[in-house]
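Colleague: I am new to reading protein models, and I would like to learn how to look at a ligand site and at sheets and helices. Could we go through one example slowly?

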Amino acid sequence: MGSLILTPKGLAWFRKGHPWIYRTDLEKIKDAAPGSIVSLETKNGIFLAQGFYSDHSKIAFRIISRSRDAINAQFWEKRVLGAFRYRQEVVQQTNAYRLIYGESDGIPSLVVDRYADHFVLQTLAQGTENLLPVFTEVILKVFQPASLILRNDVMVRDLEGLPREKRILFGECPKDVQVFEGEIHYRADLWTGQKTGAYLDQRENRLLGARFLRGTILDAFCYQGLFGLHGARRASRVIGIDSSQEAVDQGKANATLNGLSNAEFFRENVFDFLKGAVEEKRHFDGIILDPPPFAKSKENVAGATRGYKELNLRAMRLLNPGGVLVTSSCSYNLSESKFLEVLRDCAKDSGSAFRIIERRGQSADHPVLLSFPESFYLKCLFLQKIE
Ligand code: SAH
């Protein structure tokens, strides 16, 4: 087994409990093959942990275990079962959820999403890439899935020097899979859809959001329409907006699937739509804002903040008194406190007061690891315009 020797600064960082070690915190790298499991040691040769080594990324080490126990198929099966047990406790009202969320489940850089009996895998670093046959076997054994799809067509793989690719690992990939979320049924396209087919991280916010949505609702950045469709069961009219034609088509199909004739979907840029709506003095009783991550790196935060500001200010102006804004940011680089600051600024400029009725994050199947701030990325606030 190869080993990595920490610098004193690296050791201090490791002791704080963060699951990653950066290359700049390594003093020496001994016989470590790319993607292999290595031991992490102090300068004096004291063993600290076992983890995945990457020879490409700035993140050189991802912790798997602080013990010396053998890391084999049995070990991984135990971790997968642990992750599954937790989901059985926290996941409700759906058969589509994240089964494994990387570091948070002790399997760094592995993502597994489950859509009924169909499973989608992502191996996002060299370590899990090497072990793909093992994870495939464990999932086949534990869950007997109908199909297993590899969705490695993601940008983060570039940082690991890994190709972007998609593959069927087992079974046949259906055109789309029908799943449910509360009272809503929807179809997820696991092969070409965004993410692994759906934004599972917003599930609990969508389910709760429905409670507060009445009257005329705007679902901005709607993707397959789920926020809006939950709302449509009680609201009088729902308008879903997305820039992707596939998204709009899926939204319409999902509305039909649920027999909801009061939900309409349009392909448009949300920034243009909101600008036009303010000019035309339109009003809504509920608005959902769920944009893609504007701040993909620390350098983008200023530009991203301007984007969030424009969207939220316009949405606040468009709301009727008593109306509710469900607003999200999935940019890890924009902290919750910064996001709140942006919203406060928007409220001031809109000339209205808002109360926070819910302050939320990602669904519980995307658990946040306390010592791993990077695992908390989704912020979602429910704000009510006070009359
Ligand atoms: N609310 C959705 C997830 C939205 S993800 C859900 O709960 O499932 C963000 C969506 O914004 C994507 O569908 C993407 O196609 C769309 N999008 C990105 N930029 C956009 C823009 N400027 N205008 C409209 N839609 C945009």
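Modeller: Let us begin at the ligand, where one of its nitrogen atoms is 3.0 Å from a polar backbone atom of Phe221; a polar contact is a pair of N or O atoms within 3.5 Å, and within protein one must be able to donate a hydrogen and the other to accept it, while residues adjacent in sequence count only if both atoms are side-chain atoms. Please keep in mind that this is a predicted model, in which local features need pLDDT of at least 70 and side-chain atom pairs count only at pLDDT 80 or more, whereas totals for chains, interfaces and linings use all residues. Residues are numbered from 1 along each chain as its sequence is written, and side-chain values use heavy atoms, with hydrogens and water left out.

Colleague: Which atom of Val270 lies 2.9 Å from a nitrogen atom of the ligand, and what part of Asn269 lies 3.3 Å from one?

Modeller: For Val270 it is a backbone N or O atom, whereas for Asn269 it is a polar side-chain atom. Altogether 15 residues surround the ligand, the closest being Arg206, Phe221, Asp242, Val270 and Asp290; a residue is near a molecule or strand if one of its heavy atoms lies within 4 Å of it.

Colleague: How should I read a sheet, and in what order do the seven strands form the open one?

Modeller: Strands of a sheet pair through backbone hydrogen bonds, either parallel or antiparallel. Two strands pair if DSSP finds at least two bridges between them, and helices (H or I, at least four residues) and strands (E, at least two) are DSSP runs, numbered from the N terminus. Here the order is S16-S15-S14-S17-S18-S20-S19, with mixed pairing, and the edge strands, S16 (263–267) and S19 (354–360), each pair on one side only.

Colleague: How do S17 and S18 run, and how many bridges join them?

Modeller: Strands S17 (residues 284–289) and S18 (residues 319–329) run parallel and are joined by five bridges, and Leu289 has Thr327 in S18 as its bridge partner.

Colleague: Which strands does H9 touch where it packs on the sheet?

Modeller: Contact means heavy atoms within 4.5 Å, and H9 touches S14 (216–220), S15 and S17, its direction making about 150° with that of S14. Axes are lines fitted to C-alpha atoms, for helices over the stretch in contact, and angles run from 0 to 180 degrees between N-to-C directions. The axes of H9 (residues 270–279) and H10 (residues 301–318) also come within 10 Å and cross at roughly 35°.
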